[in-house]
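Have the viewer open as you read.

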Amino acid sequence: MTARTVAEKLVSSGTLSKTEILVLLQTDTEDEFLRQAAREKAHSVFGNTIYLRGLVEISSFCKNDCYYCGLRCSAEAERYRLSTEDIFAACAAGYEEGIRTFVLQGGEDGYFTDDRVCTILSALKAKFPDAAITLSLGERSRESYARLREAGADRYLLRHETANAAHYGKLHPPNMQLASRMECLRNLKALGYQVGAGFMVGSPYQTPETVAEDLLFLQEFRPHMIGIGPFIPQSKTPFAQMPAGSLSLTLKLLTVLRLMHPRVLLPATTALATLAEDGREQGILSGANVVMPNLSPPKVRGKYAIYDNKAFETIDTVRRKIADIGYEIKNVRGDYK
Ligand code: SAH
């Protein structure tokens with residue numbers, strides 16, 4: 001089995017076995033071929049349209065202690081939470097700019113009870129009826145996810161982080177378990193959310209085997225959205241000295257994911273834009289079709305420090321850079337079809 005045979009199988013069938021994935025991961029000879037094919041695949045589904053998601057980072061408080069994340073409870077960090085008014089103002093500003101999906105993301109902050117999040121959701125839905133709302137608030141009970149869904153949440157992002165339980169255990173403290181993450185993902189799907197899973201590229205202790213397991217998990221789970229971006233060390237975490245994930249592997253995995261999931265909503269993430277000046281654009285040229293500009297108010301900028309040197313760009317800059325590579329942002333919700 002040559003790398004070219006595997007690459008051709010991926011392009012024609014969209015599925016690979018673990019052995020085949022490992023063949024592709026162990027060579028870069030097919031990268032350009034795959035990239036071209038992924039770009040064409042994305043084009044056949046989305047044309048040259050890119051969807052925007054406005055990210056509102058609602059809280060930097062977190063009860064968890066994930067080893068990679070700068071919001072971990074034992075990291076020294078400036079904590080904040082946005083008021084309902086702040087969240088509203090951020091979304092209204094984004095709406096003016098044409099954004100029709102708001103992503104409310106935060107650490108696992110007990111302040112944001114179901115009641116509080118439901119109040120925010122109902123009010124946002126009333127004010128912006130043609131916008132989708134995505135939540136990214138970590139693990140919650142099935143009842144909680146159900147209530148939030150009824151109150152208007154359309155989508156939920158919860159990266160699985162790694163599909164390998166031993167690897168999961170090296171990234172998280174013992175009170176966090178891959179099994180509960182997976183249960184949350186299944187619950188979200190059963191409740192009718194459009195669900196996003198995903199993982200960091202080049203996270204500490206990641207191997208080609210664990211990446212292959214991530215891809216197999218995604219092949220089986222079939223999420224509506226897949227978030228991947230390079231791991232970037234954060235100076236206040238135990239992984240401060242670990243190397244960042246690579247641009248080339250992130251781009252390659254975007255191409256493979258696009259070929260495996262033609263219709264999936266696949267962002268070129270901020271972490272990718274942080275790693276390289278043109279990271280976001282390269283992500284789009286590798287099959288990504290979503291970008292997530294930051295709508296958090298200026299007063300909290302820099303305080304949602306999940307990793308160091310997080311890129312920040314205005315929507316205007318993002319729009320221009322995307323136009324420069326021949327793509328066009330559309331002011332639509334951009335649901336999974
Ligand atoms: N509390 C929410 C949001 C977490 S931040 C949740 O648990 O889902 C969103 C994502 O950022 C995480 O899922 C993780 O994959 C990513 N992330 C965290 N720390 C990172 C780092 N140091 N480098 C790159 N990505 C990171």
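This is a predicted model: local features need pLDDT of at least 70, side-chain atom pairs count only at pLDDT 80 or more; totals for chains, interfaces and linings use all residues.

Residues are numbered from 1 along each chain as its sequence is written, and side-chain values use heavy atoms, with hydrogens and water left out.

**The ligand site**

Who sits around the ligand? There are 16 residues around it, and Tyr 68, Gly 106, Arg 159, Glu 161 and Ile 232 come nearest. To count as near, a residue needs one of its heavy atoms within 4 Å. Sorted by class, this shell holds nine nonpolar, five polar and two charged residues. In that sorting, Ala, Val, Leu, Ile, Met, Phe, Trp, Tyr, Cys and Pro are nonpolar, Asp, Glu, Lys and Arg are charged, and the others, Gly among them, are polar.

The table lists some polar contacts (pairs of N or O atoms within 3.5 Å).

| Residue | Protein atom | Ligand atom | Distance |
|---|---|---|---|
| Gly 106 | polar backbone atom | nitrogen | 2.9 Å |
| Glu 161 | polar side-chain atom | oxygen | 2.5 Å |
| Ile 232 | backbone N or O atom | nitrogen | 2.7 Å |

On its own the ligand exposes 550 Å², and the protein buries 91% of that. Such areas come from the Shrake-Rupley method with a 1.4 Å probe.

Now look at β6 (residues 194–201): eight of its eight residues are buried, meaning under 20% relative accessible area (1.4 Å probe, protein chains only). Strands here are DSSP runs (E, at least two residues), and helices are runs of H or I with at least four. Two strands pair if DSSP finds at least two bridges between them. β6 runs parallel to β5 (residues 155–157), with three bridges, and Tyr 156 stands opposite Val 195. Six bridges join β6 to β7 (residues 225–230), also in parallel, and there Phe 199 faces Ile 228.

**Another sheet, and a loop residue**

A separate stop is an open sheet of three strands, in the order β8-β1-β9 with parallel pairing. Its edge strands are β8 (290–291) and β9 (328–330), each pairing on one side only. Three bridges join β1 (residues 49–52) to β9, with Thr 49 opposite Glu 328.

Finally, is Ile 99 buried or exposed? Ile 99, in the loop between α4 (84–96) and β3 (101–106), is buried, with a relative accessible area of 0%. Ile 99 and Ile 329 are 230 residues apart in sequence and 9.8 Å apart in space, C-alpha to C-alpha.

Terms used: A polar contact is a pair of N or O atoms within 3.5 Å; within protein, one must be able to donate a hydrogen and the other to accept it, and residues adjacent in sequence count only if both atoms are side-chain atoms. Buried means under 20% relative accessible area, exposed over 50%, partly exposed in between (1.4 Å probe, protein chains only).
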